[in-house]
Amino acid sequence: MNIEELRKQIDAIDVKLVELMNERARCAVEIGRIKSQAGQVAVYSPKRERDIFERIRAANKGPLSDAALVTIWKEMMSGSLALEKAMKVAYLGPEGSFSHLAAIEKFGRSVELVPVRDIATVFDNVARGTTDYGIVPVENTTGGAVRDTMECFLDVTGPVKVCAEMALPVHQNLLSKTTLEKIKKVYSKPQVFDQCREWLARNLPQADLVAVGSTTEAALLTSRIDGTAAIASSMAAELYHLGVLNPAIEDNPQNQTRFLVLGRESANPTGRDKTCLLFSVSHKAGALVEVLEIFRRVGLNMTKIESHPSPAKSWEYLFFVDVEGHAKDEKLQQAITEARPHTRYLEVLGSFPVTVSAG
């Protein structure tokens, strides 16, 4: 076949794809109607999302990559969610931040993404029902735990639960309107400078590093001030019409940030789940070991434990734990019941399906 014949074939396939995607959307709208009649409020289903992506990967025979197909399906599902309900998702703004990228990655561009000034406001919006969901960073492979998110779990008033998670590869880019040799100042967040310390020492030893509140603010300043650069996302480069002088300048090529999706209830059990717990223990020798031993004896695997200084009392610590299983599972319920007498405070932050990366 020649090029013109192949293009005609593509055009015919495109028409069929449009028909099939709209047929799929009509089915999604009908599901939404049935849910509404049954009194079900939640439209987003983490389990359903995971199952669809797993089927897409299993069915894929190429030449398109799994990641490419998952991206296409995410946007198609985002459009369907918007048809079922005008859904709002809060994220730590401003536009162009990595939280913004994470919100797009998780929910697509068809839902309403709401930038807010700080992580506490994300929690508050979900608690009050101002937005349906929120997305917050919880840890970075280079910078460690995000303190603000951990402390918000202590302060939030209202029904806020973790209902999903995702990991976003974080690529820091050097953005500017000028050349590398003419850069006198570099703007970014302190945490970002930490992630790019070696690259900056090698390539911009003469530049002053100026800390600002967000990577998007850094890009805005760079767009207005000659002889400067910003370290920020590629989306920030698009928003402020900056060139990407050097992409992916982070020292750790495996740099990722883990995000939690917040809703007003946990996801339902799926058989492959994870639960986030937050607890503190009495200030005595062996108190933490007593709690951990209970989970070991019951046969539950803790995949993460992170200590955090208590904001309420000096020299006491909170422990954030990820454990395999759902809070409704019998074994996990038993472990939590047995652990409570050994803790000052124990809260189930939420349960959600275990997911794999889009790649």
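Two strands count as a pair when DSSP finds at least two bridges between them. With that in hand, welcome to these close-up views of a predicted model.

**View A. Strand S9 has partners in both S6 and S7.** Begin with S7 and S9, which pair in the parallel sense over 3 bridges. Here Tyr 187 stands opposite Ala 230 in S9. Now find S6, which runs antiparallel to S9 and is joined to it by 4 bridges. In that pairing, Leu 174 faces Ile 231 of S9. What holds such strands together in general? Strands of a sheet pair through backbone hydrogen bonds, in either a parallel or an antiparallel way.

**View B. Strand S9 is mostly covered.** How many of the 5 residues of S9 are buried? The count is 5 of 5. Follow the side chains along the strand: Thr 228, Ala 230 and Ala 232 point one way, while Ala 229 and Ile 231 point the other way. Residues on either side of S9 are buried.

**View C. Lys 177 and Asp 226 meet in a salt bridge.** Their side chains come to 3.7 Å, N to O.

**View D. A salt bridge joins Arg 296 and Glu 293 within a helix.** The side chains of Arg 296 and Glu 293 meet at 2.7 Å, N to O. Both residues belong to helix H11 (residues 287–298), and they are 3 residues apart, about one turn of the helix. Why can neighbours at that spacing face each other's side? An α-helix has 3.6 residues a turn, so residues three or four places apart point the same way. Arg 296 counts as exposed because its relative accessibility is 54%, whereas Glu 293, at 34%, is partly exposed.

**View E. Salt bridges also form a network.** The structure holds 20 salt bridges. Which residues are linked in a network of them? They are Glu 139, Glu 165, Arg 258, Lys 274, Lys 304, Glu 306 and Asp 322. Elsewhere, the side chains of Asp 51 and Arg 50 meet in a salt bridge at 3.9 Å, N to O. Both Asp 51 and Arg 50 are buried.

**View F. Four strands make an open sheet with antiparallel pairing.** Reading across the sheet, the order is S13-S14-S12-S15. Strand S13 (302–309) and strand S15 (343–353) are the edge strands, each pairing on one side only. From one strand to the next, the twist averages 15 degrees. Look at strand S12 (residues 273–281), which pairs with S15 in the antiparallel sense over 9 bridges. One place to check this is Phe 279, whose bridge partner in S15 is Leu 346. H11 packs on the sheet and touches S12, S13, strand S14 (317–324) and S15. The direction of H11 makes about 155 degrees with that of S12. Helix H12 (residues 330–339) lies across S12, S14 and S15, and runs at about 165 degrees to S15.

**View G. The largest nonpolar core has 24 residues.** Those with the most contacts inside this core are Phe 123, Val 136, Phe 153, Val 162, Leu 262, Phe 320 and Leu 349. Helix H5 (residues 119–128) gives the most to the core, with 5 residues. Zoom in on Leu 349: leaving aside residues up to four places away in sequence, its contacts include Phe 153, Val 162, Cys 276 and Phe 320. Apart from this core lies another, of 23 residues, among them Ala 102, Ile 104, Phe 107 and Leu 113.

**View H. Helix H4 (residues 98–107) is mostly covered.** Of its 10 residues, 8 are buried, including Phe 98, His 100, Ala 103 and Lys 106. Just after H4, Gly 108 takes a positive phi of about 80 degrees.

Note on methods. Residues are numbered from 1 along each chain as its sequence is written. This is a predicted model: local features need pLDDT of at least 70, side-chain atom pairs count only at pLDDT 80 or more; totals for chains, interfaces and linings use all residues. Side-chain values use heavy atoms; hydrogens and water are left out. A nonpolar core is a set of buried Ala, Val, Leu, Ile, Met, Phe, Trp, Tyr and Cys residues joined through side-chain atoms within 4.5 Å. Buried means under 20% relative accessible area, exposed over 50%, partly exposed in between (1.4 Å probe, protein chains only). Helices (H or I, at least four residues) and strands (E, at least two) are DSSP runs, numbered from the N terminus. Contact means heavy atoms within 4.5 Å. A salt bridge is a side-chain nitrogen of Lys or Arg within 4 Å of a carboxyl oxygen of Asp or Glu. Axes are lines fitted to C-alpha atoms, for helices over the stretch in contact, and angles run from 0 to 180 degrees between N-to-C directions.
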